[in-house]
Amino acid sequence: MALDKILSIGGKPGLYKLLTQTRSGFVGESLLDGKRVTVGIRSNVSVLSEIAIYTLEEEVPLREVFQKIKEKEDGKKTSISHKAEKIELEEYFFEILPNYDEDRVYGSDIKKIIQWYNILIDNNISDFVTEEDAEEETTSVASAEEE
């Protein structure tokens, strides 16, 4: 399942899978307990594929951050809990994304990213690289081999 079908709903814990759209919003299913919720159009909803993390140079899509965590953890859950101390979370995140903007990425953001990653792994959602990214990677590998 792609990240464009996974939602974060303001005021509700965890992540939700988009099931269907309605005239007044949509229906989502919690990835934590499977309960369904109806969410109005005015609710604060973020699609994970649209979220990016600030770095000193650019914004990095959340899927790329998840991919870096996956590579660091060999596809398993994180070695650190999202409930760890702020300094520990920052040190862990620095290993994943060394150039993240410490002034604009807060401890609460890092907690969410780690918690979301673990929820996705628990639900066997671990394909963070899009087809576009895979094609670019293949192209750059082919170019390197030609040289």
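Buried residues account for 35% of the 147 residues in this protein. The model is predicted.

**Exercise 1. Fold outline**

Task: State how many helices and strands the protein has, and give their order along the sequence.

Solution. 
- Step 1. Count the elements. There are four helices and seven strands.
- Step 2. Read them in sequence order. The pattern is β-β-β-β-β-β-β-α-α-α-α.
- Step 3. Check the contact range. Take contacts with a separation of 6 or more; residues 24 or more positions apart account for 52% of them.

**Exercise 2. The buried residues of H1**

Task: List the buried residues of helix H1.

Solution. 
- Step 1. Locate the helix. H1 spans residues 62-72.
- Step 2. Apply the cut-off. Buried means under 20% relative accessible area.
- Step 3. Read off the residues. Leu 62, Arg 63, Val 65, Phe 66, Gln 67 and Ile 69 are buried.
- Step 4. Recall helix geometry. An α-helix has 3.6 residues a turn, so residues three or four places apart point the same way.

**Exercise 3. H1 against H3**

Task: Classify the packing of H1 on H3, then name the residues in contact.

Solution. 
- Step 1. Two packed helices are described by the angle between their axes and the distance between the axes.
- Step 2. Take the values. The axes of H1 and H3 come within 11 Å and cross at roughly 70°.
- Step 3. Classify. Angles of 65 to 115 degrees count as roughly perpendicular. H1 and H3 are therefore roughly perpendicular to each other.
- Step 4. Name the partners. H1 supplies Leu 62, Val 65, Phe 66, Ile 69 and Lys 70. H3 supplies Ile 113, Trp 116, Tyr 117 and Leu 120.
- Step 5. Sort by class. The contact of H1 with H3 holds eight nonpolar residues, no polar ones and one charged.

**Exercise 4. H1 against H2**

Solution. 
- Step 1. Name the partners. Val 65, Lys 68, Ile 69 and Lys 72 of H1 meet Tyr 92, Phe 93, Glu 95 and Ile 96 of H2.
- Step 2. Sort by class. Five residues in the contact of H1 with H2 are nonpolar, none is polar and three are charged.

**Exercise 5. The largest pocket**

Task: Describe the volume and lining of the largest pocket.

Solution. 
- Step 1. Give the volume. The largest pocket holds about 410 Å³ of space.
- Step 2. Find the centre. Of 18 lining residues, Ser 46, Ile 51, Asp 109, Lys 112 and Trp 116 are the closest to it.
- Step 3. Assign elements. Strand S1 (6-9), strand S6 (52-54) and helix H3 (107-122) each give two or more residues to the lining. H3 gives the largest share, five residues.
- Step 4. Sort by class. The lining has eight nonpolar, six polar and four charged residues.

Key. Residues are numbered from 1 along each chain as its sequence is written. This is a predicted model: local features need pLDDT of at least 70, side-chain atom pairs count only at pLDDT 80 or more; totals for chains, interfaces and linings use all residues. Side-chain values use heavy atoms; hydrogens and water are left out. On a 1 Å grid over the protein atoms alone, a cavity is a set of points where a 1.4 Å probe fits but cannot get out, and a pocket is an open set with protein on both sides within 12 Å along at least five of seven lines; lining residues have an atom within 4 Å of a point. Grid points are joined across faces, edges and corners, and a volume is the space filled by probe spheres set on the points. Ala, Val, Leu, Ile, Met, Phe, Trp, Tyr, Cys and Pro count as nonpolar, Asp, Glu, Lys and Arg as charged, and the others, Gly among them, as polar. Buried means under 20% relative accessible area, exposed over 50%, partly exposed in between (1.4 Å probe, protein chains only). Axes are lines fitted to C-alpha atoms, for helices over the stretch in contact, and angles run from 0 to 180 degrees between N-to-C directions. Angles under 35 degrees count as roughly parallel, over 145 as roughly antiparallel, 65 to 115 as roughly perpendicular and the rest as oblique. Contact means heavy atoms within 4.5 Å.
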